[in-house]
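These are my notes from one sitting with a single model. I looked up the fold first, then helix packing, then a few residues.

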Amino acid sequence: GEEAEGEEEDNGNVLQGQEQERMKSNRWILSLLFVSYVGVYFCRSSISVISTLLIERKFMGEGEFGLMISVGTFTYAVGKIASGTCIISNPTRRIKIAMFLTCIISFLLGGSFSVSMITLAWVASRAVQSQIWTNFCIVINEIYEEGERGKAVGL
């Protein structure tokens, strides 16, 4: 009897230790996801930083700028619908690829000297960014228990 109780306590301690390790790992992953998504938001905001300059310096008219933003928003919406309806495999790899592409496109956006190049870079950026959130949600679903997911996504 006492031996069985000792084994149950040991098993409980092992399970508790495994749970603590899982929670540490989840916090680390969630922290990385949070930092990466902040980076995506910086890239998403890059156009608003230069918008006033583009219009004031007559590089782009208000109508052209509005059209560019509208096409980018439409592309983002279509991408969100597509990413939400597709079965997505290997979400962590997709997140890395999408973030890398977002950075590259942001650099191209900064180096663009024509309205068509800026528009193309902005639309491409929005298309890539639309894929990121779905993959984040898949990763969170894989690493968090059902009751913990809302807290992780809410962060």
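How many helices and how many strands does the protein chain have? I count 7 helices and 0 strands in the protein chain. Both are DSSP runs numbered from the N terminus, helices being H or I with at least four residues and strands E with at least two. From the N terminus on, I read the order of elements as α-α-α-α-α-α-α.

Before going on, I note that this is a predicted model, in which local features need pLDDT of at least 70 and side-chain atom pairs count only at pLDDT 80 or more, while totals for chains, interfaces and linings use all residues. Residues are numbered from 1 along each chain as its sequence is written, and side-chain values use heavy atoms, with hydrogens and water left out.

Entry on burial. I looked up the share of buried residues: 30% of the 155 residues of the protein chain. Buried means under 20% relative accessible area, exposed over 50%, and partly exposed in between, with a 1.4 Å probe and protein chains only.

Entry on helix packing. Two packed helices are described by the angle between their axes and the distance between the axes. The axes of α4 and α5 (residues 115-129) come within 9 Å and cross at roughly 165°. That angle makes α4 roughly antiparallel to α5. The crossing of this pair, α4 and α5, is left-handed. For α4 and α6 (residues 132-143), the axes come within 9 Å and the angle is roughly 150°. I therefore also list α4 and α6 as roughly antiparallel to each other. The crossing of α4 with α6 is left-handed.

On the terms: axes are lines fitted to C-alpha atoms, for helices over the stretch in contact, and angles run from 0 to 180 degrees between N-to-C directions. Angles under 35 degrees count as roughly parallel, over 145 as roughly antiparallel, 65 to 115 as roughly perpendicular and the rest as oblique. Left-handed means that the near helix is turned anticlockwise from the far one by less than a right angle; clockwise is right-handed.

Which residues form a nonpolar patch on the surface? I found I97, F100, L101, I104 and L108, with about 470 Å² of accessible area together. Patch residues have over 30% relative accessible area and no salt bridge, and nonpolar side chains (Val, Leu, Ile, Met, Phe, Trp, Tyr) are joined within 5 Å, like charges within 9 Å.

M68 lies in α3 and, at 0% relative accessibility, is buried. M68 and T119 are 51 residues apart in sequence, yet their C-alpha atoms are 5.5 Å apart. T73 is also found in α3 (residues 62-85), but at 43% relative accessibility T73 is partly exposed. I get 9.7 Å from C-alpha to C-alpha for T73 and W122, 49 residues apart in sequence. Q129 sits in α5 and is buried, with 0% relative accessibility. The C-alpha atoms of Q129 and Y76 are separated by 7.3 Å, at 53 residues apart along the chain.

Entry on backbone. Most residues other than glycine have a negative phi. K58 is not a glycine, but has a positive phi of about 60°. I place K58 in the loop between α2 (46-56) and α3. K58 counts as exposed because its relative accessibility is 72%.

How values were computed. Areas by Shrake-Rupley, 256 points an atom, 1.4 Å probe, with all protein chains shown as cover. Salt bridge = Lys/Arg side-chain N within 4 Å of Asp/Glu carboxyl O.
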